[in-house]
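Please look through the structure shown here.

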Amino acid sequence: MSLEQAIRLLIIGIEVGSIYALVALSVVLLYRTSRVLNFGQGELALLACFLTFTLTSRMGVPLWLSFLAGLAASAVAAGAFYFFLMRRAKAQDPMGLLILTLGFSLFANGGLSLLFGVDNKQMPGFVDVIETWQIGNFSISKNSVLVAVAGLILMIGLYFFVQKSKIGLAMRAVSQNPEVAKALGIPVNVVLVSSWAVAAILGSAAALLLAPAISLNPSLMLDPLNKGFAAAVVGGMTSLPGAVLGGYLLGIIEAYVGNFVPAFKLALAFILVILVLVFRPHGLLGEKETRRA
Amino acid sequence: MVLKERYEQDLRLVGSPQGWAAFALTILLFVLIPQIFPAYAYPVALFMVYSLVAIGLNILVGFTGQISLGHAGFFAIGAYAVAKLAPIITFPAALLVAVVACAVVGYLVGIPALKLEGPYLAIATSGFGLAIQQFFANTPNDWFGGHGGLIVEKSQLFGDFFARDRAYYYIILAVVTVMVYMAFNLARSHIGRAFVAVRDAELAAQTSGVNIAKIKTLAFAISAVYAGIGGALFAPLLGIVSPESFSLLLSVQFLSMIVIGGIGTVAGGILGAGMVTALQDQLAQAGGWSGLLYGLVVLIVMILEPLGLYGRWMKIKLYWKSWPF
């Protein structure tokens, strides 16, 4: 493998990895506060994509505005799903809640398919996907750079949100111990609704960044969501830095391995998951959850 | 109320004359279905196949408390074992191979699963399901037919008599009856009780002498065998096995069966399989609406009745037993 090809694959790996990392962050953020794996994440992201597509391509709204509208819509939908359904469901064990999100996923996917159709749509992007920059005899896709940079900005933004803002502090408190947090006067419901909303925004941003490069249809998020879950597990379900690490690691390894053994690419993420879990059952950076019998 | 005085009464599978009557009626109904409602023979056969998988998954998820999103993988192993081997070594031998293969693979998956719980186990098992699907899709075409899959000819397997759909229905009925009986038996045996003990209080079970590692891997193996037999019966029923049908969605459907039917009981798995199969059979006519409606039913069940259909049935039964109090 020439150096040029190695660098090209690295860039692809970072681009894909930042999508995985964003999805993994949304999975981990939600898991930390509410101990739920949300399989409906993909459909929340789809909602954002379809709304952005309809507003811009069909109604001529500026892209940045419909982008924000899409993010807002998925945040509201996620918050509402938690507030009206998850919170009130009688099945409050982790398994019941998991099935609830699976039901939501099936329901929302069916609904979105009916509303927007199952055909492939060309999602508008901020840059043309085929445009490249020339550096010497080396060309680099503008879209790859955009995705990588936007992903990085979102991750830094999330860091400041979780570490510096008051609601972020409350989120960390709830993730450590919901009962005590409640007793200390933290409005747990507000925290949970906002962590559902923030998780939806992260997942939707990943989808909105991904969609222009491939076509938009109801199964857009199927693969990225699977990989995001895998990345979250590799990094550790309770660790936000772990999610970022897992995402990039998975993206880069996938780029290199996929180049040599394409058939192997789909199952690779899960082989990595199993390898990591055998040696570190709580992920690379995750902490063992203490349990009292 | 039935007052139990002896341990043997607690162990009994069928406790009362009404129970025996209900049991006989159920068997009679299933025997007569192809004769009375020939149109329903296929969905009912499918229901029986799925109920095996649901029972197996319930043994793992409901009894032992380990989640699996990868049962489509075991189902696929069973189906491919029959599709590939039955023309060569006859159907019963292929069924046996499916059982052994699933038991071994289930045991092997159970070993790393010992260290995992909750979301980690869910994702790892879903990965197992995906890996199996990719394995069957990407191995050379003359092994398992690649993406196109394998055709299963009933007449080739069973001769002309059993090749008829109606006759094959009775093969399924016989196998499923035996397996259901064994599941009820397992639930009341010391192993079944150890499963439940591990779920409810792992530490307490361990101090009482339950070998956690052995019980957990055994649960995985038994669960895999049930799913594998389901797959083995499924292959000739459908006539074709292809990797696309063993997706994560199928695993999700299996999980939704036990949740809708009732987690932690054998009867719950059967009820859930019936409900989901009936729902899909009816929704297939709804075209684009099927996903939406199916999701809606799952949502409604989870929001209103977390114990599932069987839980609701037990509540009604209890209400009438103690009526008017």
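Is B:Ile33 buried, exposed or partly exposed? B:Ile33 is partly exposed, because 19 other C-beta atoms lie within 10 Å. A residue is buried if 20 or more other C-beta atoms lie within 10 Å of its own, exposed if 12 or fewer, and partly exposed in between, with C-beta atoms placed from the backbone.

This is a predicted model, in which local features need pLDDT of at least 70, side-chain atom pairs count only at pLDDT 80 or more, and totals for chains, interfaces and linings use all residues. Residues are numbered from 1 along each chain as its sequence is written, while chains are lettered from A and ligands numbered from 1 in the order in which they are written.

**Around B:Ile33.** This residue sits in helix 2 (residues 17-36) of chain B. Helices are DSSP runs (H or I, at least four residues), numbered from the N terminus. Leaving aside neighbours within four places in sequence, B:Ile33 is in contact with B:Tyr40, B:Ala41 and B:Val44. Contact means C-beta atoms, placed from the backbone, within 7 Å. From C-alpha to C-alpha, B:Ile33 and B:Val44 are 8.3 Å apart, and eleven residues separate them in sequence.

**Helix 6 of chain A.** Helix 6 spans residues 166-176, and A:Ala170, A:Met171, A:Val174 and A:Ser175 are buried there. These residues lie on the same side of helix 6 of chain A because they cover an arc of only 135 degrees around the axis. The arc is taken from the directions from the helix axis to the C-beta atoms. On the face turned away from the buried side are the exposed residues A:Lys166 and A:Gln176.

**Core.** The largest nonpolar core has 199 residues. Such a core is a set of buried Ala, Val, Leu, Ile, Met, Phe, Trp, Tyr and Cys residues joined through C-beta atoms within 7 Å. Among those with the most contacts inside it are A:Leu25, B:Val82 and B:Ala98. Leaving aside neighbours within four places in sequence, the contacts of B:Ala98 include B:Ile77, B:Val82 and B:Ile229.

**Interface.** Here 38 residues of chain A are in contact with 36 residues of chain B. Helix 4 of chain A gives the largest share of the chain A side, 16 residues.

Terms used:
Helix = DSSP H or I, 4+ residues; strand = E, 2+ residues; numbered from the N terminus. Contact = placed C-beta atoms within 7 Å.
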